[in-house]
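My notes follow in the order I looked things up.

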Amino acid sequence: MSAQGDCEFLVKRARELVPGDLWAAKAWLITARSLYPADFNIQYEMYTIERNAERTASAGRLLYDMFVNFPDQPAVWREISVITSALRNDSQDKQTQFLRGLFETLPGRVQCEMLLKATEQCFNTLERAEMLLLLLRRFPETVVQHGVGLGETLLDAESIEDQESPVNCFRKLFVCDVLPLIINNPDVRLPASLLYKYLNKAAEFYINYVTRSTQTESQYQGSQDSSDIMSPSKRSSQKYVIDGLTEKSSQITDPWERLFKILSVVGMRCEWQMDKGRRSFGDILHRMKDLCRYISNFDSDAHAKYKNQVVYSTMLVFFKNAFQYVSNIQPSLFQGPNAPNQAPLVLLEDVTNIYGDTDIDRNKHIHKKRKLAEGREKTMQSSDDEDPSGKARSRHITVNKADLANSIEVLESFKLARESWELLYSLETLDKEFTRICLSWKTDTWLWLRIFLTDMIIYQGQYKKAISSLHHLAALQGSHSPQQITGQGSLENQRALIQLATCHFALGEYRQTCEKVLDLMCCILLPIQEGGKVQEEQPKVKSKFRKGSDLKLWPCTSRAIMPYCLHLLLACFKLRAFTDSRDDMALGHVIVLLQHEWPRGENLFLKAINKICQQGNFQYENFFNYVTNIDMLEEFAYLRTQEGGKIHLELLPNQAMLIKTSSPPVGLLQQEFIPVLQPSIQTADRHHTVTRGITKGVKEDFRLAMERQVSRCGENLMVVLHRFCINEKILLLQTLA
């Protein structure tokens with residue numbers, strides 16, 4: 001029998017003995033190995049027996065012998081491949097743990113050589129990179145030789161594979177795994193240009209990772225605790241899987257912390273003017289402002305160095321705080337359908353001072369107050385409101401604590417982001433570099449950033465520019481994936497309409513303001529409630545206007561936005577109604593709108609009544625369709641009397657349409673309607689009657705219409721005003737033409 005035949009016979013015999021007598025099988029193989037020490041099959045069979053028995057130490061020794069003596073055998077590389085896969089695997093099963101333990105028994109030199117040769121066997125870029133990463137992590141001394149090469153390989157692979165997003169497997173491995181090994185190793189010498197390139201790649205990756213929109217997360221899974229989701233720094237807890245990586249490898253904890261750490265290390269290596277210890281974003285920004293003051297005094301090399309310090313430091317402060325702001329005012333943009341039920345907020349001009357002076361004596365009837373001649377002109381003049389544009393005052397933003405619990409932090413983020421943006425555009429060299437970076441990152445396609453920039457431009461009072469930005473925002477919204485949820489789309493549409501309206505209003509373009517408001521009214525869904533209860537649920541606003549508080553973050557909900565829309569409409573028509581020229585239609589619209597938040601607009605209503613008295617007559621044929629306020633009805637009834645001036649009123653377009661047969665007749669002297677009046681009207685010393693003087697020769701149709709109107713005083717006012725906006729859209733726009 002030949003030597004080869006003998007070896008095969010011995011191996012075969014040992015295999016037959018394994019199930020029944022393991023020790024006998026081992027004896028056969030030991031004998032065979034002593035007879036034929038250069039035969040691979042005998043040693044491989046010995047290794048297989050030890051591996052299957054999960055004897056870590058003995059299997060490790062045999063693997064080491066095979067790796068040294070038979071380095072070209074395919075079976076050896078198959079085993080090494082299985083072991084290195086186990087080293088890269090996140091699994092904790094028994095077999096994987098055994099293979100890791102087996103590898104640990106090998107001498108360090110052999111581990112290093114084995115990983116290096118295993119890397120050479122890999123033809124897949126991602127697998128090769130992960131294998132080399134194993135080597136770099138276990139043997140830091142190899143970073144000098146292989147670190148930069150691995151980094152460049154990953155960046156080249158990203159370009160070759162033509163990845164659409166910076167958040168891809170190649171960039172993730174480079175930024176999160178390779179780059180820290182490179183820049184934290186003092187023996188790796190890198191030119192400043194390469195460090196800036198790597199910092200740029202890291203910043204682009206982390207910012208895109210943190211701000212990734214729910215619309216692009218096709219592999220987003222599960223829901224998280226709302227407290228975690230609310231914190232942008234904890235969004236790593238979301239089960240987001242990057243294509244080509246495992247779920248565990250795709251998760252990044254504290255991405256902003258990691259990014260600023262890279263900034264700090266790169267700054268030290270580039271010899272920036274660094275401060276020891278951790279500093280707040282405000283401190284960093286203040287330091288960069290100081291540096292900008294004397295940056296032009298440096299020579300060209302130092303100027304370039306400090307220019308990069310200012311640009312990258314300020315830029316990261318900007319993006320961090322801009323995201324912090326947007327993620328709080330519109331959390332659903334990043335959290336999707338699993339977001340907590342927090343209403344989004346929208347930045348608007350604060351027009352809550354539209355009524356002017358609201359200090360009035362609520363214990364007297366309006367027409368009785370009108371009779372107080374001395375105080376009358378004084379009362380009328382006090383209702384002239386301030387310029388609503390806010391351009392002449394310092395800009396402040398207010399927000400109700402109930403709408404945004406961490407409002408102080410959010411507004412501070414808005415301030416820091418705004419100041420960072422202004423610093424980046426304060427010098428031509430900074431502007432040029434920042435613009436170059438933004439173009440390469442395609443920041444003009446970032447929806448969340450456009451939301452911030454729009455708010456910032458509105459804050460700056462650049463309303464024409466803000467209108468352009470809002471159109472850009474609408475284009476971005478339309479370019480999003482069709483998988484986008486409908487609610488988000490309608491939300492963006494409503495945000496755009498109300499902000500367009502507030503910008504047109506600030507520019508004095510009242511017809512465009514009215515047009516946008518009325519378009520928005522079509523989107524508003526009124527809650528179904530009993531009459532008189534809607535106002536109780538509206539956001540409470542202080543009647544005293546605090547000077548300087550000319551911007552406000554409003555909840556972007558129908559319940560909150562509709563009152564704001566009514567304020568805008570009132571502001572538009574008020575300017576038209578109280579000019580020297582006569583405009584009964586505008587004045588009528590104002591009277592209808594003044595019912596909202598009554599009696600806050602009582603003084604302004606007095607001004608309207610005063611103008612009607614001066615005119616001697618008044619025509620508004622929509623009066624009985626939309627005016628249901630008992631105080632107003634009483635005042636108009638009084639105007640028809642001898643004491644009220646016998647004013648000629650034309651308020652009836654068609655008597656047959658106005659007097660609804662469904663409404664029961666109400667006697668002139670009856671007081672049964674009082675219990676259905678709004679709570680604000682029901683005061684013990686305020687008894688209302690529309691009968692005074694009406695029965696003394698007034699026309700029957702006016703008398704009946706007024707009676708019917710009293711029976712409507714308990715109607716839901718918001719429903720009435722909503723119907724007014726929808727039904728009279730053409731008329732309202734024509735009035736402002």
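**Helix α8**

Which residue caps the N-terminal end of α8? I found Asn124 there, with a side-chain oxygen 2.9 Å from the backbone nitrogen of Leu126. I took a polar contact as a pair of N or O atoms within 3.5 Å; within protein, one must be able to donate a hydrogen and the other to accept it, and residues adjacent in sequence count only if both atoms are side-chain atoms.

Before going on, I noted the ground rules. This is a predicted model, where local features need pLDDT of at least 70 and side-chain atom pairs count only at pLDDT 80 or more, while totals for chains, interfaces and linings use all residues. Residues are numbered from 1 along each chain as its sequence is written, and side-chain values use heavy atoms, with hydrogens and water left out.

Back to α8, which covers residues 125-138. Its 14 residues reach 20 Å from first C-alpha to last, close to the 20 Å expected at 1.5 Å a residue. The expected span is 1.5 Å times one less than the number of residues. I listed its buried residues: Leu126, Ala129, Met131, Leu132, Leu133, Leu134, Leu135 and Leu136. Buried means under 20% relative accessible area, exposed over 50%, and partly exposed in between (1.4 Å probe, protein chains only). I then checked what covers them; the cover includes α5 (74-88), α7 (108-120), α9 (143-160) and α10 (169-183).

**Whole chain**

I counted 35 helices and five strands in the protein chain. Both are DSSP runs numbered from the N terminus: helices are H or I with at least four residues, strands are E with at least two. Of the 737 residues, 54% count as buried. Among contacts between residues at least 6 apart in sequence, 75% join residues at least 24 apart. Contact here means heavy atoms within 4.5 Å. The chain exposes about 33,200 Å², and carbon and sulfur atoms supply 51% of that. The areas come from the Shrake-Rupley method with a 1.4 Å probe; for residues, only the protein chains shown count as cover.

**Sheet**

I looked up an open sheet of three strands next. Its order is β1-β3-β2, with mixed pairing. The edge strands are β1 (345-349) and β2 (397-398), each pairing on one side only. Two strands pair if DSSP finds at least two bridges between them. Five bridges join β1 to β3 (551-555), and these two run antiparallel. Leu347 stands opposite Leu553 in β3.

Which peptide bond is cis, with omega near 10 degrees? I found the one from Trp598 to Pro599. Pro599 lies in the loop between α28 (584-593) and α29 (602-615).

Asp254 has a phi of about 50 degrees. This residue is in the loop between α13 (247-250) and α14 (255-269), and Asp254 is partly exposed at 41% relative accessible area. Lys442 has phi near 60 degrees. Lys442 sits in the loop between α21 (428-441) and α22 (447-460) and is exposed, at 54%.

**Cysteines**

How many disulfides does a search of the whole structure find? I got zero, taking a disulfide as a pair of cysteine sulfur atoms within 2.5 Å. For Cys725, the nearest cysteine sulfur is that of Cys565, 7.9 Å away. Cys725 counts as buried at 1% relative accessibility. Cys292 is buried too, at 12%.
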